[in-house]
Amino acid sequence: MKCCFIVLIGMVLTYVPARAQSYALIPKPFHTELSVDNFTLSINQQIECTAKDSFFQVLFKEWIKEIKQKKVQKNKMVQTRISVQWVGAKKWPSYLQKLQLNAQFSPGNEGYVLHIEKNSILLLGQTETALFYGLQSLKQLFNLPTIPCGTIYDKPSFSIRAWQDDVSRGPIPTLENLKKQ
């Protein structure tokens, strides 16, 4: 009986909630740090985007309209903020340090930092490509029932990635289907 009690205590002390593991993103981010709260988008919101690419601006604005219809909570007392910021490579380390984030993280051309707090989301990238990939991760997070607070440091493992479709095992895809995939 004493042995079973000790095993039970050990299991309780080593229990780590599933939430503390990682964000449910595809592909899995390079490094994540989760905290306790959840982000909730309120009706009283501030949206900011410093990206210079017109394609990204349009993509971001369309996504904001979409989430405003789905995810907004009717709380006028709380102001939430979603900010997308392009930060040059020279200013990157000092900017991360000022925000108390990992200033040693080197994202390259496609990496980004996504910092989520209870009332704000900040997406940082050194290039427009990085902001695009960060937005894709943010879109995935908004498909979850709740958006956990924390920080995502992400960059690709390989600079050149390939994709293959085995047409011998199924129908030959159309161009539209390839673009969708």
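Predicted model: local features only at pLDDT ≥ 70, side-chain atom pairs only at ≥ 80, totals over all residues.
## A sheet built around an enclosed strand

Strand 5, spanning residues 120-125, has six of its six residues buried, so the rest of the structure largely encloses it.

Which residues point to each side of strand 5? S120, L122 and L124 face one way, while I121, L123 and G125 face the other way, and all of them are buried.

### The neighbours of strand 5

On one hand there is strand 3 (residues 79-86), which pairs with strand 5 in the parallel sense over six bridges. Within this pairing, S83 has L122 of strand 5 as its bridge partner. On the other hand there is strand 4 (residues 112-116), whose pairing with strand 5 is antiparallel and runs over five bridges. Here L114 has L123 of strand 5 as its bridge partner.

### The whole sheet and its helices

Stepping back, the protein has five helices and six strands. Along the sequence they follow the pattern α-β-β-α-β-α-β-β-α-β-α. The six strands form an open sheet with mixed pairing, in the order 1-6-4-5-3-2. Strand 1 (31-39) and strand 2 (44-49) stand at the edges with a single partner strand each, so one side of each has no neighbour in the sheet. On average, neighbouring strands of this sheet are turned by 10° against each other, direction ignored.

Strand 2 pairs with strand 3 in the parallel sense, over six bridges. One of the facing pairs there is I47 opposite I82 in strand 3. Helix 2 (residues 54-70) lies across strand 2 and strand 3 and runs at about 165° to strand 2. Helix 4 (residues 128-142) also packs on the sheet, where it touches strand 1, strand 3, strand 4, strand 5 and strand 6 (147-154). The direction of helix 4 makes about 35° with that of strand 4.

### From strand 5 into helix 4

Q126 sits in the loop between strand 5 and helix 4. Is Q126 buried or exposed? Its relative accessibility is 16%, and because buried means under 20%, Q126 counts as buried. Leaving aside residues up to four places away in sequence, Q126 touches W86, V87, A89, W92, P107 and G108.

A130 belongs to helix 4 and counts as buried, with 0% relative accessibility. Beyond residues up to four places away in sequence, A130 touches N109, E110, G111, Y112 and G125. For one of these, E110, the C-alpha atom is separated from that of A130 by 4.1 Å, although the two residues are 20 residues apart along the chain.

The structure holds one salt bridge. It is formed by the side chains of E48 and R81, at 2.5 Å from N to O. This pair links distant parts of the chain, with E48 in strand 2 and R81 in strand 3, 33 residues apart. In general, side chains of opposite charge can pair when their charged atoms come close. E48 is partly exposed, with a relative accessible area of 27%, and R81 is also partly exposed, at 32%.

### The surface

How much of the protein is buried? Of its 181 residues, 34% count as buried. The accessible surface comes to about 12,400 Å², and 57% of that belongs to carbon and sulfur atoms. Among contacts with a separation of 6 or more, 71% come from residues 24 or more positions apart.

W163, L175 and L178 make a nonpolar surface patch of about 340 Å². Of these, L175 lies in helix 5 (residues 175-180). L175 has 60% relative accessibility and counts as exposed.

The residues with a stated accessibility are gathered here.

| Residue | Relative accessibility | Class |
|---|---|---|
| A130 | 0% | buried |
| Q126 | 16% | buried |
| E48 | 27% | partly exposed |
| R81 | 32% | partly exposed |
| L175 | 60% | exposed |

Key. Residues numbered from 1 in each chain as written. Heavy atoms only, no water. Patch = residues over 30% accessible without salt bridge, like charges linked within 9 Å, V, L, I, M, F, W, Y side chains within 5 Å. Areas by Shrake-Rupley, 256 points an atom, 1.4 Å probe, with all protein chains shown as cover. Salt bridge = Lys/Arg side-chain N within 4 Å of Asp/Glu carboxyl O. Helix = DSSP H or I, 4+ residues; strand = E, 2+ residues; numbered from the N terminus. Buried < 20%, exposed > 50% of the residue type's maximum accessible area, 1.4 Å probe, protein only. Pairing = 2+ DSSP bridges. Contact = heavy atoms within 4.5 Å. Axes fitted to C-alpha atoms, helices over the stretch in contact; angles between N-to-C directions.
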